[in-house]
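Try each task before reading its solution.

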Amino acid sequence: SQLKKNFSYPIVTEETPIEYYERKKWNKYWLVDPLDGTEDFIERNDEFTINIALIQNNKPFLGLVYAPALNLIYTGKVGSGSMKNGKPIYNHSERKNFIGADSRHNSSTETKNFFLRKNISKVLRIGSSLKLCSLAEGLIDVYPRFNGTKEWDTAAGHIICKEAGCKILDIKTNKELVYNKESIKNNFFIASRNDLSFL
């Protein structure tokens, strides 16, 4: 792998999870999902991605989401903004009739109820971490996730969103998602524009 060849940081993937007693010593490491959106890949709907994030002190420092079938590359780095295919992106939306995003394959009753409670009638079904990228570029306003994700599913999209004027809040703590936890499972979260509050 090019990451191993060019960087000395450890690498964590779904295929090679590392036990917490070892991970907790790290302040910097790569978090990689070589295929996010497996069902999208199987269906050949093109909405699968490769996610790579550099985690530093329990937060994503930089991230890349690559959708090879769509020829899309999203990137984000702390203090440097976010880009789509090399062009800056930022969620400048001022929509009052919010647009939501839901998973193509992993929706939940809680998610549907959330959209009903918030009077969000337009909901796009989007695969993989492209939901977070769609938020970053202003195509949607909110993406609630009330069922299972792992840290490698969200880290790259998280920094892309954050640098594009958005946030991902853990609904248990009302704080930003953190990484390199004892459990690599994320708590449920709501990703949205910075100017909106859904908790």
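**Exercise 1. Placing K24**

Where is the place of K24? Then decide: is K24 buried or exposed?

Solution. The model is predicted, so keep that in mind throughout. Start with the helix α2, which spans 20–23. Next find the strand β2, spanning 28–36. K24 sits in the loop between these two elements. Now take its accessibility. The relative accessible area of K24 is 51%. The cut-off for exposed is over 50%. K24 is therefore exposed.

Last, compare sequence and space for K24 and N91. In sequence they are 67 residues apart. In space, their C-alpha atoms are 34 Å apart.

**Exercise 2. The largest pocket**

Describe the largest pocket: how much space lies in it, and which residues lie nearest its centre?

Solution. Begin with the volume. About 430 Å³ of space lies in the largest pocket. Then turn to the lining, which is made up of 26 residues. Nearest the centre are D36, G37, N106, R145 and D153. Finish with the classes. The lining of the largest pocket has 11 polar, 10 charged and five nonpolar residues.

**Exercise 3. Checking the cysteines**

How many disulfides does the count come to?

Solution. A disulfide is a covalent bond between the sulfur atoms of two cysteines. The test here asks for two cysteine sulfur atoms within 2.5 Å. The count comes to zero disulfides. Take C133. Take C161. The nearest cysteine sulfur to C161 is that of C166, 5.2 Å away, and C161 is in no disulfide.

Next, burial. The cut-off for buried is under 20% relative accessible area. C133 has a value of 0%, so C133 is buried. C161 has a value of 0%, so C161 is buried.

**Exercise 4. An enclosed space**

How many cavities of 30 Å³ or more does the count come to, and which residues line the largest cavity?

Solution. Rolling a probe the size of a water molecule over the atoms shows where empty space is left. The count comes to one cavity of 30 Å³ or more. The volume of the largest cavity is about 30 Å³. Its lining consists of D170, L177, V178, K181, N186 and N187. Sort these by class: two are nonpolar, two polar and two charged.

Conventions: Residues are numbered from 1 along each chain as its sequence is written. This is a predicted model: local features need pLDDT of at least 70, side-chain atom pairs count only at pLDDT 80 or more; totals for chains, interfaces and linings use all residues. Side-chain values use heavy atoms; hydrogens and water are left out. Helices (H or I, at least four residues) and strands (E, at least two) are DSSP runs, numbered from the N terminus. Buried means under 20% relative accessible area, exposed over 50%, partly exposed in between (1.4 Å probe, protein chains only). On a 1 Å grid over the protein atoms alone, a cavity is a set of points where a 1.4 Å probe fits but cannot get out, and a pocket is an open set with protein on both sides within 12 Å along at least five of seven lines; lining residues have an atom within 4 Å of a point. Grid points are joined across faces, edges and corners, and a volume is the space filled by probe spheres set on the points. Ala, Val, Leu, Ile, Met, Phe, Trp, Tyr, Cys and Pro count as nonpolar, Asp, Glu, Lys and Arg as charged, and the others, Gly among them, as polar.
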